[in-house]
Amino acid sequence: MSVENQMLVARSLRGPAVFEEIYHPELLNHPQTRAKGRDVVKDFYEKYNRAFDNFEGTIEEQFSAGENDDLVVTVWKGRGIHRRELETPLGPLAPTNRHAEFHVITVVRVVNGRIVERWGQV
Amino acid sequence: MPGAMLWAQMETTPKRKAVQRVVREGPSSYKEVFAHDLISHPPLPTPGPDGMRALQQKYASAFADLQVFIEYQFEDSQDHDRVVTVWRLTGKHVGDLETPLGPLKATNKPIDLQLITVARFADNKIVERWGQV
């Protein structure tokens, strides 16, 4: 199952068009001060695409985890030209108009072929 | 790193314990926890345990009253050599914080931040790490 789970997470690179089939509608987001549901993930996707021109995400590292082998850990690399302000939990990051690269790590729990729980730095 | 931890429901495997020492014992544990040729993604200003100390200093100077909690730890289920840690940091943002996307200016406001790191072990030490900074 773990290879299928990892492939499921990789498919999210295709963007919001596939989010409905990948994420459970009641997606539990951590920290739990965040709202439930997949709109949280869509908002992150749109936020980065707004802040960066030619935004591109790739997977640097990926593995399955957890006692039940139901977690997928992914190290993402984002890159693009930072053109507009990016909102972060620590306030706004001003655009530099330069090419930038950064890492994001996510952990998700997959049940019956859908992501039901998500931890993310963003 | 000055801070407290949530011990509730914390399963203590040797690898999880090693990561917990970073919080419980602070920089004095780094030489035992991290390999001298530690590889970091993104790279640290200086390699090895000294680089982790520099990272700790960076956070300590950006945040006053910094408290570090470990909320979740997971082990990889294939090679059993990696530990994922979900951290929670609270404090007050009093100094600029350098990030790969430029500086985050001090706001003098309280922070409540979730960070995720991955540590890969060999011979009981962390030989490779991934983080956002």
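Predicted model: local features only at pLDDT ≥ 70, side-chain atom pairs only at ≥ 80, totals over all residues.
**Exercise 1. Find out which strand of chain A gives the most to the side that touches chain B.**

Step 1: Start with the contact itself. On chain A, 30 residues are in contact with 26 residues of chain B.

Step 2: Look for strands that supply at least two residues each to this side of chain A. You'll find S2 (52-65), S3 (71-82), S4 (86-88), S5 (91-93) and S6 (99-111).

Step 3: Pick the top contributor. That's S6(A), with seven residues.

Step 4: Sort this side of chain A by class. You get 17 nonpolar, ten polar and three charged residues.

**Exercise 2. Work out whether Arg38(A) is buried, exposed or partly exposed.**

Step 1: Locate the residue. Arg38(A) sits in the loop that links strand S1 (23-30) and helix H3 (39-51) of chain A.

Step 2: Check who it touches. Leaving out residues up to four places away in sequence, Arg38(A) touches Phe19(A), Tyr23(A), Pro25(A) and Leu27(A).

Step 3: Count neighbours. Arg38(A) has 19 C-beta neighbours inside 10 Å, so it counts as partly exposed; buried would take 20 or more.

**Exercise 3. Decide which element of chain B has the lowest mean pLDDT.**

Step 1: Take the whole chain. Chain B has a mean pLDDT of 90, and 92% of its residues reach 70 or more.

Step 2: Over residues 1-9 of chain B, the pLDDT is below 50.

Conventions:
Residues numbered from 1 in each chain as written. Chains lettered and ligands numbered in written order. Contact = placed C-beta atoms within 7 Å. Helix = DSSP H or I, 4+ residues; strand = E, 2+ residues; numbered from the N terminus. Nonpolar A, V, L, I, M, F, W, Y, C, P; charged D, E, K, R; others polar. Buried ≥ 20, exposed ≤ 12 C-beta atoms within 10 Å, placed from the backbone. pLDDT = per-residue confidence, 0-100.
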